[in-house]
Structure formats: structure tokens, C-alpha cells
Amino acid sequence: MTTLDKTISVLTDLIGYPSVSSESNLDIINYLSDKIKSLGGKIDIIKTADNKQANIFATIGPEIDGGIVLSGHTDVVPAKELNWNSDPFKLTRKDDLLYGRGSCDMKGFIASTIVAAEILKNKNLNYPVHFSFTYDEEIGCFGARHLIKELKKYKYKPSIVIIGEPTNMEIIEAHKGDCEYTTCFHGIEGHASNPEKGLSAIEYGSLFTNKLFELGNELKKRAPSDSPFNPPWTTVQVGKIEGGVAHNVIAGQCSIDWEMRPINEEDKKFVKINLFKYCQNKLLPEMQSKFAEAKIATEIIGEIPGLIPQKDNQARVIMQDLLQLNSTGVISFGTEAGIFQEMNMDVVVCGPGSIDQAHKANEFVSISELDKCLQNLLKLLDQWTKKSI
Ligand SMILES: [Zn+2]
């Protein structure tokens, strides 16, 4: 069996686990952990408090600083689209394409790491190779956050991370952050004929929304001239507003679902501080001067940090050398990369398949892309086994 056939076989197994985000992923975690154990790896299974989900952080080689992490998420988005031409949880091969939920996002990469790692068997490594397989990336990178918290307690720290999200094997060293919030305004219901006897949550919610758009215009002016992103500035967006019950009732409640895609931490702080001040110094005092019990509350739904390009990035250097590429790219979707970068590791995103095929019916990865990823990982790990102290 060729290494490529083995990879397709592991991918077939992985797709067979319907590891949809927020559902238990323990079956796929057990499968992966058995695979790595058979290569002589040490496995840490990091479970959630309710024992429903888990991350794997595994190590082959010495438990010292300076390792390389191959990282992927085990969860997939649901496969409820009606136009699937095959069972989404059964790998279906048609010509050069492998169909199935998670084929490109991102079980193809995980399968390649498992097969490429066989090269490490019985080798005396000077530096470790780690595997990080997480849960619930798709709904807010919860697994990676949990994993990093645990990783901080380890006596050693990896230095390089390759995240195999689908980039068509392009090397990515930047993406914006993705932060989602819900802000709720609590007013007082009343008859519309006498607005003074109530407090319209919608009125204050609208002022808040306007302030957010005002900040959005200022963010455009803050974009650095060398910003690699498109659009080059931090964007803000209101996705949903809900509130009130009828034409003739003063709205007691209004909730606003909004988000921002920050290009850097400064912009994120700029938006949060300005909105906080506007609520604390203007909206809330006004609301409470009419009704003391009026409230504004913001819930953080998720804050995925961006991947900030770094001058010195060993992950980029290694991958550029392996793939014979001078260029690097930028992606418009969030990944776990920024979470690893917060621990001062060198990170790139590079994996098989295209994000255009992810999160939709008939998701696929091409066999040629999968092979490119596999061959690249084989070269990477072969070089790694020769890395001297
Ligand atoms: Zn993904």
C-alpha cells in the first residue's frame, strides 16, 4: 500500500466519524490516539468538564522545548444541506476527488499527518514532533483555547506550528481576528401613546448601532498603508437586531448581534473602549435617569485572535523552503493560528484543499492536493529527524 493509499484509507475512517461541532468527538479522538500510540507517541487527552469532548496533544520524541506542532481540528460543520450527492459521512471517490464532510476542512490534513508520522517510528529525534487535534474550532476555537491553557503548564514549549486548514497548500501568515458580541438593552415596556412612561430599548439600541457604524468609518482611516488584508482596515458589522413586540408597545428589550474583524489588537481595543465609554458615560446614565433598573449588557460570543505577520517566522522559512515558494498569502477566514501565536510560537496556515469547498454540500479534496500535502509532510518530518541540537 502506498503512503497515499494509506492516507485515503485513514481519511475514509475519519470522515466516517460524524464529529459535528458541539457533539461528542470522543470516538474520533480515540481513533487518532490509537494511531499515534502505535507510533510510540505519548498522548495527553484533554477532556472537557462534562467528558463529552476532548483535545489530543501528543508527542513523539523528547519532551523538550523547540518542537514542531502539526495541528488540526477534529470537528466539522453540520451536513444538513439537501443537495449532497452522496452520504456526507462516507468518503466517496469520483475521479481525482474525494467527497465527504470534513474532506478539506480539515480531516485530509489530519490523515496526512498520521501517515507521514510513520517516518518517525524508531527514529532517535533530537526535537519533538507534536500533534494537536482539537474540538469545536468551527464554533469559536474552544478546543484550542482549552489546549493552550493546559500547554502553558507543560515544562516545555513547542516553537513551530503548522495549521493545516485548507489553503490550496499556499503558505498563509496572516488573517484578521473574528470577534462576535451580543449587546442587550433593557428598557421598560409601556403604552406607545405615552413614551415618557416607558423606556425604549430600541431607541438606545439604535444609538449604539449608529455609534458602531461611526467607529467603522474611523477604522477605515486607521488602516496602515502596508496592511496585507482586503479590505485593509478593521471592519464592523451588525448582523441581527431583535426587540419589541408590536407597533403600539414601547420596546422593553432590544438585542444587537454584531461583530468586528480586527487587523490588530489596537483596533480591537479602540472599538471596545469607545463603545464601553459611550455606553457608560452617555447611554446608561440617560437611561437610568429615567428608570434606575435600565441596563446594558454585552456578552462575548467568541473572540478569535488574528494571525499577525511576523518578520522572523521559522514556520514560514521551513515551509517556503519545502514548497519552493517565495510568496506567502492572506486568508479571510479565522483559524486557531492566532491562539498559538499568543504563546509566542511561529505559526503558518498551510493545508490541502480550498476553503471554497468547505462548509457546503459536496465538500471535497482532490487526491493530487492531498498527495502534495502528504509529500510535503514526509519531507518536513524527514528533515526534522535529522535536525541536530
Ligand atoms: Zn477548518
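This is a predicted model: local features need pLDDT of at least 70, side-chain atom pairs count only at pLDDT 80 or more; totals for chains, interfaces and linings use all residues.
A residue is called buried when its relative accessible area is under 20%, exposed when that area is over 50%, and partly exposed in between, judged with a 1.4 Å probe and protein chains only. Residues are numbered from 1 along each chain as its sequence is written, and side-chain values use heavy atoms, with hydrogens and water left out.

**The zinc site**

- The zinc ion has as its protein donors His73 (NE2), Asp105 (OD), Glu165 (OE) and Glu165 (OE), at 1.9 to 2.6 Å, where a donor is an N, O or S atom within 2.8 Å of the metal (3.2 Å for Na, K and Ca), and sites may look incomplete because water is not among the atoms.
- Along the chain, the donors follow the spacing H-x31-D-x59-E.
- Asp105 in helix H3 (residues 103-116) and Glu165 in the loop between strand E7 (160-163) and strand E8 (172-175) are 60 residues apart, and this pair links distant parts of the chain.
- Glu165 is buried, with a relative accessible area of 2%.

**The chain as a whole**

- The protein chain holds nine helices and 17 strands, which are DSSP runs numbered from the N terminus (helices are H or I with at least four residues, strands are E with at least two).
- Of its 389 residues, 54% count as buried, and the C-alpha trace spans about 80 × 45 × 35 Å along its principal axes.

**Backbone features**

- Most residues other than glycine have a negative phi, and most peptide bonds are trans.
- The peptide bond from Asp105 to Met106 is cis, with omega near -10°, and Met106 lies in helix H3.
- Another cis peptide bond, also with omega near -10°, runs from Asn230 to Pro231, and Pro231 sits in the loop between helix H5 (201-222) and strand E11 (235-243).
- Asn51 has a positive phi, near 60°, and at 47% relative accessibility Asn51 counts as partly exposed.
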